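Open the model in your viewer and keep the selection tool at hand. The stops below go from the whole chain to single residues.

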Amino acid sequence: MIKNKKMNNTFTQTVGALLLALASSTPGIAWSASAASATVPNAQLIRQGEYLARAGDCIACHTAGTKGQPFAGGLGMETPIGKVYSTNITPDKKAGIGDWSFADFDKLMRTGVTKHGYTVYPAMPYPSYSRLSEADMQALYAYFMHGVKADPTPNKAADIPWPLSMRFPLTIWRWAFAPTPQPYKTPATGDAQLLRGAYLVQGLGHCGACHTARGVGMQEKSLTDAGNTTFLAGGGVIDGWSVPSLRNEHGGGLARWSAAEIAEFLKTGRNSHTASFGAMNDVVAHSMQHMTDGDLAAMAKYLKSLPPSNPATPAFVADDKLGKQLFSGIVSSTGAQLYLDRCAGCHRSDGKGYDKAFPALAGNAVLQTNDPTSAINIVLSGGAVPATRTAPSALTMAPYADIFNDEQTAQVVTFIQTSWGNRGTPVTAAQVAKVRKVSVPVAASQTEATFAAGRHGTFPPMARKPHLKDAPQK
Ligand code: HEC
Ligand code: HEC
Ligand code: HEC
């Protein structure tokens, strides 16, 4: 069920194979003396850069949790070969990127090759950022040089044992899998709103880093929608949460959502279909809630334009019979009984929940596929909707890990996966046991504090150890 495990192994094997196949060499360090431009760009350009940095969610990865200085790096990310730390990207000349020229910055953002000549770990989503327009790259650079406070925190070396720590296999990875950067051209024709949406989703938003499946070398199977239906058709599992399809499809996709509902979800972390959880909380809190309504509408319109990858999957058809039975106390299974006792207070016996407070479970995309990972995990770990500027209440669901054993969890999750017309598959105790191993109860207070501080990290696509000290550990 945890597909990520498999991918991680594949990645290790691939890197290992590359190591065996190739002679060793450390990349030459070429220090360039060119410094950031001496003239300060106008305030408008810096503000535009700040907005773009939000769209790219740079802060989530380049800040060490709630205590770290913004953009000073040091957030540890677990990868299959060891821990990688994000770097200091403040304009400090020694610790950060203060002495990087625009050309240095542009090259890193488009090709992953640093000023010092080596390729960064693909944790940095440069294959997506390579799609930025020249003008936007200039604005981003202006912001990092002049809008961010310089911080002297030195970079941490990755905890990756030799020989996997050698960076040259990453150059091979880049040759094999990363696309050749193409200078962005505004298409001459087409719906301007749709093009804007595609630009943000495929580029800065790097939605595909999580929502597109990965191939053998950990590369995203597609970076745009051109000529394929794998783009945004669902990724693997990140931190115990499965990443759903964002295509206009049934069975886990966005077919039942209107464009307005997609925009509402991105802005507030909730809508009448669902509430955000897992890594998506970070995306909403740090990045999407700060986008303009116009940009959110454009992204939503673009997502609605993506044809289904699985056109044969039938639509959800609501079945009200069961809700009525439950309401009048007719209980047909242990799962139904557990649901009535523990869940119906918030999600209601008809599974319709309370709009924008307690998400509906009937018809919920989380419960329409054969991958129950998220459904199991939210019952074990609980959840908290991210508090956002326009929807500040961080409503929570308590963790049931200590209340239900694996069998009971399986029964209640089977019940919600298969009731009210839901098309999810039944769940076994063995599946629950697997998810329990990676489950980390979501403490409401901690989540609120985290989002109040406005930053905390994510790392697609490999699992990340919880780095919040006060998260209760199992
Ligand atoms: C998903 C996590 C993630 C996101 C999002 C992210 N980065 Fe990175 N970035 C990293 C990691 C990890 C590294 C270091 C990789 C390594 O050491 O090989 C890195 C490296 C860099 C570097 C190279 C710095 C150096 O000193 O070598 C720059 C510059 C950079 N990122 C800029 C950005 C900008 C600008 C954004 C937002 C538009 C951004 N990053 C978003 C993870 C991320
Ligand atoms: C760091 C990984 C990550 C990134 C990057 C990411 N997402 Fe997500 N997303 C998730 C996870 C995990 C979920 C499942 C949890 C949930 O539904 O809230 C999710 C869920 C969603 C959902 C809800 C789907 C449903 O059926 O309930 C939408 C819509 C969404 N993401 C849109 C986006 C968009 C648009 C972007 C790019 C701007 C994006 N995501 C980037 C991890 C990510
Ligand atoms: C106190 C009210 C409350 C109770 C009781 C409760 N939940 Fe929840 N539930 C929520 C809230 C709030 C969320 C959104 C959490 C988030 O976004 O992280 C949620 C989310 C979910 C989700 C994910 C749906 C989505 O789209 O976000 C599932 C599945 C779920 N609950 C199942 C259950 C089950 C099964 C039970 C009983 C064992 C239960 N809940 C009990 C409040 C509750």
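Helices (H or I, at least four residues) and strands (E, at least two) are DSSP runs, numbered from the N terminus. This is a predicted model, in which local features need pLDDT of at least 70 and side-chain atom pairs count only at pLDDT 80 or more, while totals for chains, interfaces and linings use all residues. Residues are numbered from 1 along each chain as its sequence is written, and chains are lettered from A and ligands numbered from 1 in the order in which they are written.

**The whole chain**

Select the protein chain and colour it by secondary structure: there are 19 helices and six strands. Of its 474 residues, 50% are buried, meaning that 20 or more other C-beta atoms, placed from the backbone, lie within 10 Å of the residue's own. Two residues are in contact if their C-beta atoms, placed from the backbone, lie within 7 Å. Among contacts between residues at least 6 apart in sequence, 71% join residues at least 24 apart.

**Ligand 3**

Select ligand 3 next. Which residues are closest to ligand 3? They are Thr274, Cys343, Cys346, Gly383 and Met397, in a shell of 26 residues; a residue belongs to the shell if its C-beta atom, placed from the backbone, lies within 6 Å of the molecule. Helices H15 (344-347), H16 (373-381) and H17 (406-418) each supply at least two shell residues, as do strands E5 (383-384) and E6 (396-397). Domain 2 (192-304) and domain 3 (321-453) each give at least three; these bounds come from an automatic or database domain assignment.

**Helix H17**

Stay with H17, one of those suppliers. H17 has 13 residues and spans 18 Å from first C-alpha to last, close to the 18 Å expected at 1.5 Å a residue, where the expected span is 1.5 Å times one less than the number of residues. Its buried residues include Thr409, Val412, Phe415 and Ile416. Show H14 (334-342), H16 and H18 (429-438), which are among what covers the buried residues of H17. After H17 comes Trp420, with a positive phi near 60 degrees.

**Ligand 1**

Move to ligand 1, which 24 residues surround, the closest being Gly56, Cys58, Cys61, Val120 and Met124. Helix H3 (residues 58-61) gives the largest share of this shell, three residues.

**The core**

Last, select Ile262, Met299 and Leu303, which have the most contacts inside the largest nonpolar core, a set of 107 residues. Such a core consists of buried Ala, Val, Leu, Ile, Met, Phe, Trp, Tyr and Cys residues joined through C-beta atoms within 7 Å. Helix H6 (residues 134-146) provides its largest share, eight residues.

Key: Buried ≥ 20, exposed ≤ 12 C-beta atoms within 10 Å, placed from the backbone.
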